[in-house]
Amino acid sequence: MPVYYFMLGWAVFWGCISELTAKVVKIGDECYERRVNIFLAFVTFSAVIVFAGLRSGVADTAAYIKMYDAYQIGFSGIFDTLKDSDQPGFILLSVFIKTYISKDYSVWFFIIASISGLSMMYGIYRYSKNFGLSAFLFMVSCNFTWMFNGIRQYLVVSILFACTFLIEERKFIKYCIIILILATIHKTAVVMIPVYFLAINKPWHKTTAIIIIGILLCILFADKFLNVFTEVVENSSYAEGYKEIGKTDDGVNIMTIFVSLIPVTISFLFRKQLDKEKNNEIMNIATNMSILAVCIYIISKITRSGILVGRMAIYFTTYNLILLPWLIDKSFEIKERRLIKYTMIVCYIGLFYYQLNVAWNGLEYISKILNLKFL
C-alpha cells in the first residue's frame with residue numbers, strides 16, 4: 001500500500017507544479033489554451049511508470065512473467081506460434097523485445113508500462129483543461145492499476161486514448177487502421193470501430209437515444225448478449241482464469257456505477273448550457289464515451305459479468321479524466337466551482353482508499369529490483 005500512496009502523492013505534487021507553471025498558448029485562430037510544460041507532465045507520470053515497470057508481483061504479474069519466459073528467442077518458426085493465437089501482435093512485440101533488447105521480463109514490463117503511461121500522459125496533456133486535476137483523477141479513480149493488472153488490454157486502451165485527435169479530425173481510415181493493428185494485441189479493440197460513429201455525434205441528441213435503446217435491448221436479451229462474450233473469451237488465452245473468476249463474478253459494484261454516473265448526470269443537467277460552448281469537440285466525444293461507460297456498467301451488473309462485460313468499460317471511463325475538469329469549469333459559477341471541486345477531491349480520495357483497502361483487500365506490490373515487498 002505505501003507504494004500506491006507514494007505514487008498518488010508524487011502525481012499530486014508534480015501535477016500542482018505543472019498547473020502553477022502552465023502557460024497560455026495559441027492552438028488555432030483566436031483559440032487559446034493553458035498548456036503545462038511537457039517535461040513536468042512526464043515527471044508527473046514517471047513514478048507510476050517506474051513502479052509498474054519494475055514490479056515482480058502484483059495481481060496477474062506472475063502469469064505474464066511465465067508468458068514472457070515461455071516466448072522464444074528469434075523469429076524462426078514464429079508463424080507456427082502465431083497461427084493459433086488470439087494475440088499475434090503482442091507476441092511479435094514481446095519476441096522482438098526478448099530477441100533484440102533483453103531476456104529480462106523487467107525490461108519487457110518497463111517498455112509496456114512506458115508506452116501505456118506516456119500515451120495516457122499525452123492524452124491528458126493534449127485534451128485536458130486542467131492537467132493537474134486529470135492526473136489526480138488518473139490516480140484516485142484507480143485507472144492507473146491497469147498498468148499493473150490487465151496490461152495487454154490497457155496498452156490498447158491508452159494508445160487509442162492518445163489517438164483521440166483522429167476522431168476529432170474525422171480521420172476514420174487512419175483510426176480504423178490503428179484499431180485493426182491494436183486488435184492483434186487485444187481483440188476487444190474492434191469495438192471502437194462502431195464506437196467511432198457514435199462518438200462523433202453531439203451528446204444528448206437523437207443518436208444518444210438510439211444508443212440507450214440499444215443498451216436496453218441488450219439488457220432485455222442479456223443471456224444471449226453475454227453468451228457472445230463468453231464464447232469469445234473461452235476460446236482465448238483468458239479461458240482458464242475466466243472459469244475460476246466467473247464462479248464468483250457478480251458484475252461491477254454499485255459504487256463504480258454511481259461514480260461513473262456523476263459526469264453523465266452533470267452533462268445532462270447542463271446540456272443546453274454546454275451545447276453553446278465553442279471548440280468543444282473533444283468534450284462531446286468524451287461525453288459520449290462516458291455515456292457508453294455507464295451503459296456497459298449497467299449491463300455488467302445485470303448480466304453479473306464484471307470480468308467480461310465490465311472490463312470493456314475502461315475504453316470509455318478513461319475519457320472521464322478529461323471530461324470532469326471541463327464539466328466543473330463550464331457548468332458552475334466560481335464559488336460553486338470551488339465547492340464542487342473540493343468535494344470531488346475528498347470523495348475520490350475516499351474512493352481510492354476504499355478500492356485499494358476494502359474492495360481489493362490491500363493491493364500487494366513486490367519488486368525484486370527495488371527490494372520492496374508489500375502484501
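Author: Start with threonine 145. Threonine 145 has a relative accessible area of 8% and is buried. The model is a predicted one.

Reader: Why is threonine 145 called buried?

Author: Buried means under 20% relative accessible area. Threonine 145 has 8%, so the label applies. Threonine 145 sits in the loop between α7 (131–140) and α8 (151–162).

Reader: Which residues does threonine 145 contact, beyond four places in sequence?

Author: Trp360 and Leu363. Its side chain also reaches the backbone oxygen of cysteine 142, at 2.6 Å. The cut-off for a polar contact is 3.5 Å.

Reader: What makes cysteine 142 worth a remark?

Author: Its phi is near 65°. That is a positive value in a residue other than glycine.

Reader: Is cysteine 142 buried or exposed?

Author: Buried. Its relative accessibility is 5%, and the label needs under 20%, so cysteine 142 counts as buried.

Reader: What makes asparagine 371 exposed?

Author: Exposed means over 50%. Asparagine 371 has a relative accessible area of 69%, so it is exposed.

Reader: What makes α7 "mostly covered"?

Author: The count does. In α7, 10 of its 10 residues are buried. Among them are Phe131, Gly132, Leu133 and Met139. The cover includes α1, α2 (38–53), α6, α8, α19 and α20 (334–359).

Reader: Which residue of α19 can we look at?

Author: Leucine 321, in helix α19 (residues 320–331). Its relative accessibility is 4%, under the 20% cut-off, so leucine 321 counts as buried. Leaving aside neighbours within four places in sequence, leucine 321 contacts Met120, Ile124, Ser134, Leu137, Phe138, Ser141 and Asn143.

Reader: How far apart are leucine 321 and methionine 139, in sequence and in space?

Author: They are 182 residues apart in sequence. In space they are 9.9 Å apart, C-alpha to C-alpha.

Reader: Why is tyrosine 196 called buried?

Author: Its relative accessible area is 4%, and buried means under 20%, so the label holds. Tyrosine 196 lies in helix α11 (residues 192–199). Not counting residues up to four places away in sequence, tyrosine 196 touches Leu166, Ile167, Arg170, Lys171, Phe172 and Tyr175. Tyrosine 196 and tyrosine 175 are 21 residues apart in sequence and 8.7 Å apart in space, C-alpha to C-alpha.

Reader: How do you know that the span of α1 agrees with what a helix should span?

Author: Helix α1 covers residues 2–20, which is 19 residues. At 1.5 Å a residue, α1 should span 27 Å. Its end C-alpha atoms are 27 Å apart, so the two agree.

Reader: Which residues of α1 are buried, and why are they said to line one face?

Author: Val3, Tyr4, Met7, Leu8, Ala11, Gly15, Ser18 and Glu19 are buried in α1. Seen down the helix axis, they fall within an arc of 135°, so they line one face of α1.

Reader: What about α3?

Author: In helix α3 (residues 61–70), Thr61, Tyr64, Ile65 and Tyr68 are buried. They fall within an arc of 100° seen down the axis, so they too line one face of the helix. On the other side of α3, Ala62, Lys66 and Ala70 are exposed. The buried residues of α3 pack against α5 (88–100), α6 (105–127) and α8.

Reader: What is in the protein as a whole?

Author: There are 20 helices and four strands. Of its 375 residues, 50% count as buried. The protein exposes about 18,200 Å², and carbon and sulfur atoms supply 64% of that. Take contacts between residues at least 6 apart in sequence: 76% join residues at least 24 apart.

Reader: How confident is the predictor, and where is its score under 50?

Author: The average pLDDT is 85, and 85% of the residues score at least 70. Over residues 236–250 pLDDT stays under 50. The model has 23 contacts beyond four places in sequence for that stretch. Where pLDDT is low, predicted coordinates should not be read in detail.

Note on methods
Residues numbered from 1 in each chain as written. Predicted model: local features only at pLDDT ≥ 70, side-chain atom pairs only at ≥ 80, totals over all residues. Heavy atoms only, no water. Helix = DSSP H or I, 4+ residues; strand = E, 2+ residues; numbered from the N terminus. Buried < 20%, exposed > 50% of the residue type's maximum accessible area, 1.4 Å probe, protein only. Polar contact = N/O pair within 3.5 Å; in protein donor to acceptor, adjacent residues only side chain to side chain. Contact = heavy atoms within 4.5 Å. Expected span 1.5 Å × (residues − 1). Arc of directions from axis to C-beta. pLDDT = per-residue confidence, 0-100. Areas by Shrake-Rupley, 256 points an atom, 1.4 Å probe, with all protein chains shown as cover.
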